[in-house]
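Hi everyone, thanks for coming.

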Amino acid sequence: MNRSEFSVLIVDDEPNIRSGLQKGLVNEADRIETAADAEQGLATFETGVYQLVIADVRLGGGMDGIELLGRIRHIDPEVAVIVITAHGTVETAVDAMRAGAFDFISKPLDLNLVRQQVRKAREHRELRQENQSLRTRLADAGELSNIIGQCAAMQDVFHQIRQVAATEATVMIQGESGSGKELVARALHDLSDRSGGPFVAVNLGAMPETLLESELFGHEKGSFSGASRQKPGCFEQATGGTLFLDEVTEMSAKSQVDLLRVLESRRFTRVGGEKLLETDVRVVSATNKSVPELIQDGSFREDLYYRLNVIPIEVPSLRQRRDDIPLLIEHFLQHFCSRHGRPMKQIAPDAMRVLVGAQWPGNVRQLRNLVERLVVTHTGDVIDSNELPTDLQPAMTDRGVKTLPASLSEAVENCEREMISTILAECDFHRENTAKRLGVSVRTLHYKMGRYGLH
């Protein structure tokens with residue numbers, strides 16, 4: 001790795017802080033300058049070249065550290081800024097991160113932590129320089145090709161991904177189940193300076209509470225029955241890369257506290273261990289629920305939400321992007337025909353109208369599974385509407401008018417059948433996971449599957 005010159009500017013109205021940081025960081029930078037207030041700091045930055053600025057939030061004069069951060073990044077969007085303050089609050093941290101801060105550190109300062117973050121900022125800059133040509137080639141080749149979409153809503157998602165991927169800000173991806181939230185998380189990783197590191201995904205909704213702590217933080221040998229060896233958790237496995245926490249709102253109150261503590265301190269211990277370990281991961285989370293409602297009813301911590309939701313990305317449902325359905329179908333047809341060694345198939349116009357007009361409660365995942373099933377089971381070259389599942393097609397009379405079910409019980413059964421079928425497909429026909437999602441026992445699910453012919 002070619003290490004270019006790394007210059008640091010320290011802006012703080014306390015002489016002891018400026019002097020202490022300048023001396024304490026002498027081995028971390030090639031050049032260190034200081035300024036006593038925001039105006040002097042801005043003037044110094046404009047007349048020099050700096051790769052990192054360390055600035056206090058409360059500075060003498062008419063400009064605070066957050067405003068200084070915004071002006072500095074307007075001059076040089078590539079510069080890293082570490083914000084320090086003796087008045088640390090969640091709101092201040094969110095303001096700083098949204099303004100583009102590289103990190104947020106509270107006073108009294110831990111010099112070792114400051115050194116660590118300065119080294120991290122330097123390494124990220126060097127990685128950014130080395131990966132710039134790679135990101136350009138990925139962009140030219142269509143680095144978001146795994147996320148198919150031409151509608152305005154998806155183009156907005158693409159814009160957000162490109163805008164925040166190269167930052168360290170935590171991102172919360174919201175959207176219905178099956179809408180493609182993990183693909184968005186992977187795109188954020190692939191376009192980031194962490195793309196050379198691991199991408200680790202963990203589904204918190206499918207994780208029993210008794211195993212979650214060990215899964216996230218690891219455990220020591222003998223820490224509990226069955227722990228025959230030391231095991232690193234997801235935070236260790238994702239070191240230098242991205243940790244994707246899916247269904248993050250399914251965590252218990254205790255797990256939420258544990259996660260918040262790690263996000264704030266960047267330190268954790270394995271289950272049964274005493275050694276304090278450092279974590280270097282970017283956290284991206286996802287949920288299909290309304291977090292403000294969960295906060296209001298007390299099932300999700302507001303401070304954890306602020307930590308995770310610095311940058312929100314909303315993924316539209318398939319019903320909100322019907323214009324993309326033909327494009328998605330064509331993509332899946334090509335993929336699965338090639339994968340299963342089938343000749344390329346086509347969707348007849350009447351079938352396409354049904355597919356575009358369907359409700360798709362399982363979103364893109366449901367559409368993908370259906371196309372694969374059609375590719376595998378259909379023998380002809382053209383797929384007509386009468387070969388589609390009946391639950392996708394509106395019931396019609398001879399005059400083409402939509403009819404209602406004969407009774408309320410029939411309507412309930414139709415809804416139940418469609419819901420079970422959708423959740424089964426989303427869970428890859430794993431019965432225990434499906435029963436958990438539906439809130440019924442496995443025995444009840446087995447009976448319902450037999451009743452509706454869903455085996």
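**Salt bridges across the chain**

Let's start with Arg266, which counts as buried because its relative accessibility is 19%, and the cut-off for buried is under 20%. Keep in mind that this is a predicted model.

So what does the Arg266 side chain meet in a salt bridge? That would be Asp103, at 2.4 Å from N to O. Arg266 sits in the loop between α10 (253-265) and β9 (267-268), while Asp103 is in strand β5 (residues 103-106), so the pair ties together parts that are 163 residues apart in sequence. Asp103 is buried too, with a relative accessible area of 2%.

Okay, next pair. Asp280 and Arg194 join their side chains in a salt bridge, 2.6 Å from N to O. Here we have two loops: Asp280 is in the one between β10 (277-278) and β11 (282-287), and Arg194 is in the one between α7 (181-190) and β7 (199-203), so parts 86 residues apart in sequence get tied together. Is Arg194 buried or exposed? Buried, at 4% relative accessible area, whereas Asp280 is partly exposed at 26%.

And one more like that. Arg122 and Asp30 form a salt bridge through their side chains, at 3.1 Å, N to O. The two are 92 residues apart: Arg122 belongs to helix α5 (residues 111-141), and Asp30 to the loop between α1 (15-24) and β2 (31-35). Arg122 is buried at 8%, but Asp30 is partly exposed at 49%.

Stepping back, the structure has 26 salt bridges. There's also a network of them, linking Asp12, Glu14, Asp56 and Lys107.

Definitions and conventions:
Residues are numbered from 1 along each chain as its sequence is written. This is a predicted model: local features need pLDDT of at least 70, side-chain atom pairs count only at pLDDT 80 or more; totals for chains, interfaces and linings use all residues. Side-chain values use heavy atoms; hydrogens and water are left out. A salt bridge is a side-chain nitrogen of Lys or Arg within 4 Å of a carboxyl oxygen of Asp or Glu. Helices (H or I, at least four residues) and strands (E, at least two) are DSSP runs, numbered from the N terminus. Buried means under 20% relative accessible area, exposed over 50%, partly exposed in between (1.4 Å probe, protein chains only).
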